[in-house]
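Notebook open, model loaded. I'm jotting things down in the order I looked them up.

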Amino acid sequence: MCAFNRDLHSPTKIVPPSSQHCLTRVKLLGELGVLSDTHQAVWITAPAGAGKTSLAASFATHLQAPILWYQFDPTDEDIGSFFYYLGLASLQAGVQQPLPSFSTEHLSNLSVFARNYFRQLLQQLAPGTCLIFDDHHDIPEESPLQQLLPILLEENSSGHRVILLSREMPPSSLSRQTLYGSLGILSQKELQFTLEECLNFNRERWQNQFDNTFLEKAYQLTQGWAAGLVLLLEGAKRSPRLLESFDSVDKGLLINYFAEELFSGLDKEVQNVLLITSFLTPIQISTAVELTGNHDCAQIFQRLHKTNCFTTRTHGKEDHYQLHPLFKEFLQHSAFNSFSGPKMRSVLLNAASVLEKSGHTEKAAELYMKNQNWEQLKKLILHHAEPMLKQGRLSTLLHWLKAIPEENLQNDPWLNFWFGQCQLAINPFQAREYFSNSFRLFSVAEDRVSSLMAWIGIIDSYVFAWSSFLDVDPWIEKFDDLMVNPPDLPPQIEARV
């Protein structure tokens, strides 16, 4: 087994999926091994369902190598979030010494910070570690994160294997590595199943249930597309004449067809479990039971995973599952069509609540915003704002704050305060407006300690802007008024004052 420290509270994005039920693709593992030995990094590119993730997980297991797994997602557009979660992934991979902490002041010279961060990370990883970055296609071309990938590869002088997975070819930021041959590429053509592998799959998974003529037809239809083969063969178990329905295979059409077929053939209780849990990412059995009230959730998801029905499993202290994105989309669309308005709002609110409770803050915030639960989003923001700013994740925090309607924002002193903190290094003049509003609202509430915190933010805005100080005098007077009868201050605020 590959070395990996599993933790119940580890975000799914840093936990490698199980390769237990994956077909061992000996030839392809050998090709990947050669590429990783002879290149700075390997780029695996193929459409969804081609087996990229399974191949990478199988490769690390096959080598019995230490592994650092990182799944890109839209939250990584916030550079602070990327370094925060990569730090958690490094702990899981066995890094002992703390890595540099990212903060907003590093934005002005991001490449220097990244180089120092990657250098320390790579030096501390065990020899021969596999660094696997999945779902690179979720990162926009214009994201600053794209410019950090070449730095990671340049700093990898310790012989670690770096593997990046994507549905697309390498971005322009890696054009130099691609041009000079230091980035090995494994493409869709190499990932396609061969007919021999299809026959082996039939033997290992279905105990030779299908004859060779049938398998050759399925192979020709799917052109070696892994997910298509699994879907066709699983479907053919229920309907032996299934292949006669297809002259060719359109990937989206095939998945939609089987999503509908699979879903309609399930018991109503199982359908209800899937509709409700489709809003969880990941699906932990304990949270699924809490959300649905169905104590058979473990058996339901084990069965779906075992039959490769759009479901992958990640092992840990508690196993959790993820649904194929297209199946998830189908289920969520079906939920909105099946449930009444009040029921749907209740499902989203409860799902967000259990996600927040289990530490999946970003996913919870997404659902609060989707459901317009502004009060719950506000509570989440106020609970997480301070640590998120210390972690440099101000872009994510600012995104949440901007989602709140103006009428909910304008009379809340703390939301104005955190809005000011997020804007301080970016737009100190706008930050001053939020701090000033926060100060006014705290003053009305006669909260002098919080008023002083807002006052500190106002003074900081003058320092960050470093322009005119002519209008700072009224704020000095307000400070004098507050300190006529000074309140008891926490040490960190007293030091700032």
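Predicted model: local features only at pLDDT ≥ 70, side-chain atom pairs only at ≥ 80, totals over all residues.

Numbering runs from 1 along each chain as its sequence is written, and side-chain values use heavy atoms, with hydrogens and water left out.

Where does T129 sit? I found T129 in the loop between helix 4 (110-124) and strand 3 (130-134). Helices (H or I, at least four residues) and strands (E, at least two) are DSSP runs numbered from the N terminus.

Next I checked what T129 touches. Leaving out residues up to four places away in sequence, I get P66, I67, L68, H160 and R161, with contact meaning heavy atoms within 4.5 Å. I67 is 62 residues from T129 in sequence, yet their C-alpha atoms are 5.4 Å apart. I also see the T129 side chain reaching the backbone oxygen of A126 at 2.6 Å.

Then I moved to helix 22. I listed its buried residues, among them Y434, F435, F439 and F442. What do they pack against? I found helix 20 (406-409), helix 21 (413-423), helix 23 (448-465) and helix 24 (473-482). Just after helix 22, E446 has a positive phi of about 55 degrees.

On to the cores: sets of buried Ala, Val, Leu, Ile, Met, Phe, Trp, Tyr and Cys residues joined through side-chain atoms within 4.5 Å. The largest nonpolar core has 77 residues, and F301, F327, L377, I381, L397 and W400 touch the most other members. Apart from it I found another core of 38 residues, including I79, Y117, F118 and I139.

Last, the whole chain. I count 25 helices and eight strands, with the C-alpha atoms filling a box of roughly 90 × 55 × 35 Å along the principal axes. Of the 497 residues, 53% are buried. Among contacts with a separation of 6 or more, 69% join residues 24 or more positions apart.

Conventions
Buried < 20%, exposed > 50% of the residue type's maximum accessible area, 1.4 Å probe, protein only. Polar contact = N/O pair within 3.5 Å; in protein donor to acceptor, adjacent residues only side chain to side chain.
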